[in-house]
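Please consult the sequence and the model shown below while reading.

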Amino acid sequence: MKVLTGNSNKNLSQKISKYLKTKLVHSSIKKFADGEIYIEINENIRGNSIFLIQSVSSPANDNLMELLLCIDALKRSSAKNITAVIPYFGYARQDRKVAPRTSISAKLVSNLITKAGADRVVTVDLHAGQIQGFFDIPVDNLFATPIFARHIKKKLKKNNLICVAPDVGGVERTRALARKLDIGISIIDKRRPAPGKSQVMNVIGNVKNKTCIIVDDIIDSGGTIVNAAQALVDRGASEVHVYITHGVLSGSAVEKIKRSKIKNMVVTDTIDNSYKVKKTKNIEILSISNLLGEAIKRISNSTSVSDLFK
Ligand code: R5P
C-alpha cells in the first residue's frame, strides 16, 4: 500500500502518512504556462494499492482536475487499485436539480472520478449521503461526529447542553451527535431568500439558559452559522459553540465569525485553513488525520470501517 498526495492539502496528507508510518509517494505536480496541469509519478508503483489524497476545495476546478489527472497517471502506471481519498468532496451541494435547466454537479463529478479510473472513494461527511449512490464503485463516507463528541465531552460541562441543527437538512447529523452525548436537540428553520443569503425564521425547541452546540457539514460564507448563533442568543441561549466538518470559509467568513456571538468554533482540517484562521481566537482546528489514517489502514487490511463509528 502506498499514499500519494495532491496539492490541495499537503499538511493533512503528511499527518496521515505519519499515522500510517509510511512515506508519501515521490511525485511532481506542475503547471504549464497556460495553466494546464502536468503530473509525474517519480517511483515505481506497479502492482501497489494506492491511496490518493486530494480535497476538491478552492480552487475547486484546479483541485478537481489534479485529482482526475493523478488517478489517470496512477492507472497508466499499473497501480493494482486506486482509492481516491477526498476529505472534502466539493461540488456536492448541487445533488439534484433545484430549478429547471440546472446541472447536477455531484453526479457529474462522481462520473468523472469513476471514468478516470478510481476503484473506491473515501470521503468525510458527504453533504448528502445519497451521493454514494451516484457511484457504482464502493464509497466509504466517514463521519466527524465521534471526534466532535470527544472534544465536547472534554471541553464542555454536560448540564444544560443542547445540539442545534442550523437547518432542516442538518437534523440527521445533529441527532447523531446528540445521541452520542445523550442530550436533546433544537432545530432552526432557515430560509434562503436569495443564493448566498440566509434568514432564520424560527427556532424549534427551548434554548433559554442553554449551552448550544450547532453542528453543520459546511461553513462557506458563514451566514448560516452567524445568523443561527444570533437567533439562539436572542432567545436566551447562554453560550453558542459550533462544530463544522468542512471549513470552506470563503470571502469574509473568518471576520464574521470573529465578530459573532460564537464563543468557539471547531472545524476539521479536511480543507487546509491554517493560514486563514491564524490568530483567530474563537476558531479551533481539529485534525481528522487519525480517522482517515485508520480508515485507510482498515481498507488496506480488509477489516471493518464502520466499526470505527460504533
Ligand atoms: C447547507 O445545506 C450546508 O449544510 C451549509 O449550511 C451551508 O453550505 C453553509 O453556507 P454559508 O456558510 O454560506 O451560509
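A polar contact is a pair of N or O atoms within 3.5 Å. The model described here is predicted. The points below cover the ligand and its surroundings, a helix, and a pair of strands.

**Ligand surroundings**
- The ligand is surrounded by 14 residues, of which the closest are Asp 216, Asp 217, Ser 221, Gly 222 and Thr 224.
- In the side chain of Ser 221, an N or O atom is 2.6 Å from an oxygen atom of the ligand.
- The side chain of Asp 216 likewise has an N or O atom 2.6 Å from an oxygen atom of the ligand, and a polar side-chain atom of Asp 217 lies 2.6 Å from a ligand oxygen atom.
- On its own the ligand has 380 Å² of accessible area, and the protein covers 89% of this area.

**Helix α2**
- Helix α2 comprises 17 residues, numbered 60–76, and reaches 24 Å from its first C-alpha to its last, close to the expected 24 Å.
- Its buried residues include Leu 64, Leu 67, Leu 68, Ile 71 and Leu 74.
- The buried residues of α2 pack against the strands β1, β2, β3, β4 and β5 and against helix α3.
- Just after α2, Ser 78 takes a positive phi of about 65 degrees.

**Strands β5 and β6**
- Strand β6 (residues 120–124) is largely enclosed by the rest of the structure, because 4 of its 5 residues are buried.
- Strands β5 and β6 run parallel and are joined by 4 bridges.
- Val 122 in β6 stands opposite Val 85.

Methods: Residues are numbered from 1 along each chain as its sequence is written. This is a predicted model: local features need pLDDT of at least 70, side-chain atom pairs count only at pLDDT 80 or more; totals for chains, interfaces and linings use all residues. Side-chain values use heavy atoms; hydrogens and water are left out. Helices (H or I, at least four residues) and strands (E, at least two) are DSSP runs, numbered from the N terminus. The expected span of a helix is 1.5 Å times one less than its number of residues. Buried means under 20% relative accessible area, exposed over 50%, partly exposed in between (1.4 Å probe, protein chains only). Contact means heavy atoms within 4.5 Å. A residue is near a molecule or strand if one of its heavy atoms lies within 4 Å of it. A polar contact is a pair of N or O atoms within 3.5 Å; within protein, one must be able to donate a hydrogen and the other to accept it, and residues adjacent in sequence count only if both atoms are side-chain atoms. Accessible areas come from the Shrake-Rupley method with a 1.4 Å probe; for residues, only the protein chains shown count as cover. Two strands pair if DSSP finds at least two bridges between them.
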